[in-house]
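I opened my notebook to look up two things today.

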Amino acid sequence: MTQLRALVAEDEPILSLTLLKHLEKLWPDLQICSVVDNGVFAVQEALAQLPDILFLDIKMPGKTGLEVAQELAEEWPDSKPFPLIVYVTAYDEFAVDAFEHAASDYVLKPVSEDRLSKTVKRLQTRLDNGQERSGELERVVAQLRNLMPGIGNSANSGGIGSTSNTGNSHVEKLSLIRAAIGNQIRMIPIGDVLYFEATDKYINVVTAEHSSLIRVSLRELLPQLDGNQFWQIHRSTVVNTHYIHTAIKDETGKLTLKLRGSDDKLQVSRVYAHLFKQM
């Protein structure tokens with residue numbers, strides 16, 4: 001039988017060492033294939049190593065544990081079973097209630113051997129059940145929709161691990177985008193925007209006539225958009241629903257959007273595919 005492997009993503013060294021020590025005692029046959037201290041490395045290592053289990057700290061530099069899970073849900077190869085995820089979180093009543101509601105496995109900081117022992121037993125039982133493992137990706141996607149409310153409907157809702165605050169509904173919505181083009185400022189009415197695409201520290205603002213870069217993150221932009229008009233369809237893409245012509249599903253079940261007024265085709269991630277179910 002192939003040895004099971006796990007990745008640990010925790011930015012606090014003492015907590016990381018404690019978790020590793022407990023795992024070594026409770027599950028000596030589990031191989032720790034990688035230990036990282038931020039969310040960006042967690043994604044890179046997970047896609048490189050393709051482990052069976054992920055222990056993800058909820059609040060990490062680079063990306064939160066939920067953002068890591070979301071990106072992996074989008075990028076995980078179809079040929080490999082999706083890993084089981086255990087979230088590691090400091091005690092927070094709202095967060096714990098949300099994890100319970102989403103049926104997510106989690107352990108609280110500081111990690112106790114007793115609590116981790118119960119988690120290990122649940123993981124071992126689920127890993128022995130091949131049929132349940134085959135549906136893990138769908139299970140994680142459903143959990144993310146509960147844990148990150150912005151995925152559920154509008155583009156401007158905050159979730160666990162998000163830096164958005166509850167006052168986003170009072171943020172003034174954008175009516176005009178001002179984009180620097182050389183020594184000029186291009187004024188773009190918000191209704192002319194086909195979609196926004198995040199690229200590193202910039203966002204590409206795409207209209208039927210041109211593309212323009214603005215220096216802002218997607219996380220900062222989302223609260224300023226009307227969530228009924230602009231839908232996030234991928235971790236890096238927000239589309240103006242007024243320009244969606246059709247959503248096309250290929251033989252693997254993946255969705256692509258065709259837009260009015262553009263030859264561009266936009267990929268819809270698994271996490272947001274539910275937005276395009278038939279009414």
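First, a term I need: a pocket is an open set of grid points where a 1.4 Å probe fits, with protein on both sides within 12 Å along at least five of seven lines. A volume is the space filled by probe spheres set on the points. I also noted that this model is predicted.

**Entry 1: the pocket**

I looked up the second largest pocket. It holds about 450 Å³ of space. How many residues line the second largest pocket? I found 19. Arg-145, Gly-253, Ser-269, Arg-270 and Ala-273 lie nearest its centre.

Helix H7 covers 136-147. Strand S15 (265-268) also supplies at least two residues of the lining.

Then I sorted the lining residues by kind. I wrote down 8 charged, 6 nonpolar and 5 polar.

**Entry 2: the sheet**

I turned to an open sheet of 5 strands. I read its order as S10-S9-S8-S12-S11, and the pairing is antiparallel. Which strands are the edge strands? They are S10 (211-214) and S11 (230-234), and each pairs on one side only. From one strand to the next, the twist averages 25°.

I picked S11 and checked its pairing with S12, residues 237-240. The two run antiparallel and share 4 bridges. I also looked up Gln-232. Its bridge partner in S12 is Val-238.

Technical notes. Residues numbered from 1 in each chain as written. Predicted model: local features only at pLDDT ≥ 70, side-chain atom pairs only at ≥ 80, totals over all residues. Heavy atoms only, no water. 1 Å grid on protein atoms, 1.4 Å probe; cavity = no way out; pocket = protein on both sides within 12 Å on 5 of 7 lines; lining within 4 Å. Nonpolar A, V, L, I, M, F, W, Y, C, P; charged D, E, K, R; others polar. Pairing = 2+ DSSP bridges. Axes fitted to C-alpha atoms, helices over the stretch in contact; angles between N-to-C directions.
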